[in-house]
Amino acid sequence: MATKCGKTSLSSSGGRETLMSLCVAMNHSRADLDMLKYNSCKFILKESREIMESTLELLIKVDDFRLEQVQAGSLKYWYERNKVNFLVANSAVWNDDAVHGALDSAAFWVKDLPFIKSLSGYWKFLLAPSPNKVPENFYDSGFQDFDWGTLPVPSNWQMHGFDRPIYTNVVYPFPLDPPFVPEENPTGCYRKYFRIPKEWKGRRIFLHFEAVDSAFFAWVNGVLVGYSQDSRLPAEFEITDYCHSFGSESENVLAVQVLRWSDGSYLEDQDHWWLSGIHRDVLLLAKPPVEVIIDNSLETPKENVLSRFTIEASLYDTEGWYKNDASADLISSNVANMKLNISSTARLGFHGYLLSGKLETPKLWSAEQPNLYTLVVILKDASGNVIDCESCIVGIRQVSKAPKQLLVNGRPIMIRGVNRHEHHPRLGKTNIESCMIKDLVLMKQNNFNAVRNSHYPQHSRWYELCDLFGMYMIDEANIETHGFDHSGDVKHPTLEPSWANAMMDRVIGMVERDKNHACIISWSLGNESGYGPNHSASAGWVRGKDPSRLLHYEGGGSRTSSTDIVCPMYMRVWDIVKIANDPEEKRPLILCEYSHSMGNSNGNIHEYWEAIDNTFGLQGGFIWDWVDQGLLKDTEKGKRWAYGGDFGDVPNDLNFCLNGLIWPDRTPHPALHEVKYLYQPIKISFLEGTLKITNTHFFETTKGMEFSWSAHGDGFELGSGILSIPVIEPQNGYDIEWKSCPWYNLWFSSSAEETFVTITAKLLHSTLWVEAGHVISSTQVQLPSKGKLARHEIKTKDGTLVTEILKDVIKISEENSWEIILNSRTGIIESWKVGGVLVMNKGIFPCFWRAPTDNDKGGGSNSYLSLWKASRIDSLHYITESCSVQNVTDHLVQIAVVFLGVPRDEEGLSSDLGNRKVLIKVEVVYTINSSGDVIMNCNVVPKADLPPLPRVGVEFHLEKSVNQIKWYGRGPFECYPDRKASAHVDVYEKNVDEMHVPYIVPGECSGRADVRWATFLNRNGFGIYASIYGSSPPMQMSASYYSAAELDQAIHNEDLVKGDNIEVHLDHKHMGLGGDDSWSPCVHNNYLIPAVQYSFSMRLCPVTPATSGQEIYKTQLWS
């Protein structure tokens, strides 16, 4: 330990960075022979062409086999451990109950294991302000800790009232002065009492920490047993000689000192919460007294080892284990046996032992078909006695590459991926079995097939679950040094030789711990850490150690020699296509991060998939990211999701941790529907009179699916049924000629203006991740128009209008049916009654502003919000230049209004134009018919130098009781012009509360795209109808109790205050959301609204219980 300028440097020498490449998984079990999990086996497949042959030779390479690396397992253990499915996800908890849930999971993972003991539970705990201020000799057995508090282990201490969480994206939360860290360095002191079971007598005892953030010392009975760092990999120490004798009545005392900051923290600058403590489980392991070390030196001939020990292995097929309710006959599932192969090799030196055998008709593992086996490896002495037995689940598959392709089992799979941080809103970085399963179930149900562990090795159980459920994985080393990007005089660690060992050790530790998992198709050297010789060295080690997988690293421009995949982040569509078409680039392109899901986002994502699906060399990507990293926080208003700064943490990056497709409690964002649609494996297209159904799976046929169809015309159901088609093989399609489709006659005889057919594929059988009947794919296609498109005009009805003009008030009514009062000075409707009931209390006026989204705010001075504010679009006030009655008859009244949109002056909303600049001129002509129909013809003329507009439309306010909304358009979930591919056109119904989308940081939300008509009714059926009219295209619609101003002002959803009415927006144009990233203006051109002239028409009319939106809409369709 060294000091400099009042700071403390914690050297990694002697810690995890250099010693803990011998890391182990925590899977332990018991069988008749005390089976232990074997963590150093690797399947090596010969040639890709041999994979599909009926017989496969298995070569198992046993390298550096050491008993301290392994943990217990058995066939029975794996039978119980793998008995998981989607039902487990129902028990996932995200509130305070999760504290006990974490302890229960830690106990479950070692349940009934005779030689593993979990130390999870409540430990004595004290938080000191720095390492220099911990209680003296607190690690001694006789230290009195009665006045200490308690803390659950595993946990992060900040999630239990000690210290505070800190969220930063790039900047380090301490001065950048490597390798030194602040002297004020919160330090957790832990004490735990334990006894060694008498049954463990004669065995070696190991202390195993799954993960501790960020560095720690450990003592047993006052003796220092070790130091380690690397917050995401295990550390293990033998403590046999430091424990009280077996069966002793004396309790052993484990003391641990955890430091919040260490020099290792410089390598852990990931975009997530900085949280500290023993956040994964702590275990005691009892191992047999024999230790087998296979020495590769010339002094230890192989024959000497083989004369003392033998190694055998057996492989068991797990597929039939769960088909019957009765207990499975596990031993009978043996499908292959392997013996030691000691054939000579031309290579000098010792290269490991090979166990070889034959497996008839191997079942290959893929994300689509996650076939698994259980491997059991037995160590015997010269007399044939079993010394040890280890097991693990294995998948047989090959990862390889071809020009511009990543191949799994010889097939160029498509990566439909997402980045995933370990995050629990109540626990922080601590894991629960059911919560991990919940993540996987949601991913599989929404058509994800790949996950990138961002940006560190995750809980070992996560890998087993990905093996089981079928999820391709990029496993990433715990290295990120993003904060060095902002340093002008400090080199990135990758450029410094002094950091080489620490960086390589993290990579090596990850590979050694996780190398047996079939789900891992690529190793990653870390994230956002620049590029230099330390990366090159790590890449060389990985390629030499494990040539069976690809290598990934984005740093240095995503195309360095240290990556087998071109893996850019947030690259624009046109640029990835350019790289894919580059004949000199032979690697596949897979976006390691794309479609930044911050708040109301993920616009444009369909354009990425149009390019990916149609460009050779593009092979998918990983969305950023899976879950909003909000933490539960108690406030005066109750619990809320907190983000950076909410805990008083400085520095912080505010809500940049909220980038998920789901909320912290795993409730899906609306954008997840879009991702599911774009990732769906069954593609439907309708072109040139042919309906084409394509199975984009690479291994699965459609045998386990049922196809159905439903047809709708103008929102009315025309018919539905089962679509009988042959089984479609992987990467094949089936064509149906248009006139042979079962809905053709319905379409032919229908008078509907628009006809849509929806093709749905459902699973016939339950899987691990979903029950039977789940919709895996659903596509809506619009059928051809049978003639000239209809005009949206109305027939005027006979009736007599009563028009009264008194000073500034124009009152128009029709008997007792409806009444409109319009202010002739402002040109705004002050009230609209239907059947004597007030339904509209303010409107109708122009609107061009929206509550900014996170993407609107991104980009500094170039952001859309900055441009809007600079041009003062955010402060538009409408002055009525003129309002005049143009025509009055017994059947209609025409009123012309001219609005001038000007910025508010310092004195507020003066109606005097004065010297203020007119930004937008809006001409509106109301034609009010005796039928109650109000036709609005609008002409919008903005100044040409304005930036793209947020929206072009109208706004009005309804009474709070008019809260039932029915619409014919896209839905039922929130959708916007650049995020609507998944939203089918149909008739939907919701109340205003259900329309609101509770993004943690409020902004524009609740919109519905391509709306033809909508009704807004009270519970008695009275209200307003609104629709497109004339040649105007479908509109964007939203309705909320929260005004745009309220959504703009609030910084948490819980801060929102409902208004006295319902704010409704009907937009002729609405700007897209964007989402290529959230720090630059990136709405694609097609979804921008340039400041040019716009003309559009809308129809509004009263609705009574005797009418409906569909019936009213029909009255305006004329051919």
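**Entry 1: helix 11**

I began with helix 11, and found it mostly covered: seven of its 10 residues are buried. Buried means under 20% relative accessible area, with exposed over 50% and partly exposed in between (1.4 Å probe, protein chains only). Helices (H or I, at least four residues) and strands (E, at least two) are DSSP runs, numbered from the N terminus.

I noted that this is a predicted model: local features need pLDDT of at least 70, side-chain atom pairs count only at pLDDT 80 or more, and totals for chains, interfaces and linings use all residues. Residues are numbered from 1 along each chain as its sequence is written, and side-chain values use heavy atoms, with hydrogens and water left out.

I listed the buried residues of helix 11: Ile605, His606, Glu607, Tyr608, Trp609, Ala611 and Ile612. What do they pack against? I found strand 26 (415-420), helix 10, strand 31 (589-594), strand 32 (618-623) and helix 12 (671-679). Contact here means heavy atoms within 4.5 Å.

**Entry 2: helix 10 on helix 11**

Next I looked at the axes of helix 10 (residues 573-580) and helix 11 (residues 605-614). They come within 10 Å and cross at roughly 15°. Axes are lines fitted to C-alpha atoms, for helices over the stretch in contact, and angles run from 0 to 180 degrees between N-to-C directions. That makes helix 10 roughly parallel to helix 11. The cut-offs are under 35 degrees for roughly parallel, over 145 for roughly antiparallel, 65 to 115 for roughly perpendicular, and oblique for the rest.

On helix 10, I saw that Val573, Ile576 and Val577 make the contact; on helix 11, Glu607, Tyr608 and Ala611 do. I sorted the contact residues into five nonpolar, no polar and one charged. Ala, Val, Leu, Ile, Met, Phe, Trp, Tyr, Cys and Pro count as nonpolar, Asp, Glu, Lys and Arg as charged, and the others, Gly among them, as polar.

**Entry 3: helix 8 on helix 9**

I then checked helix 8 (residues 500-514) against helix 9. Their axes are 9 Å apart, at an angle of about 25°. That makes helix 8 roughly parallel to helix 9. By class, I found nine nonpolar, three polar and two charged residues in this contact.

**Entry 4: Asn527**

Where is Asn527? I found Asn527 in the loop between strand 29 (520-524) and helix 9 (533-545). Is Asn527 buried or exposed? Asn527 is buried, because its relative accessible area is 1%.
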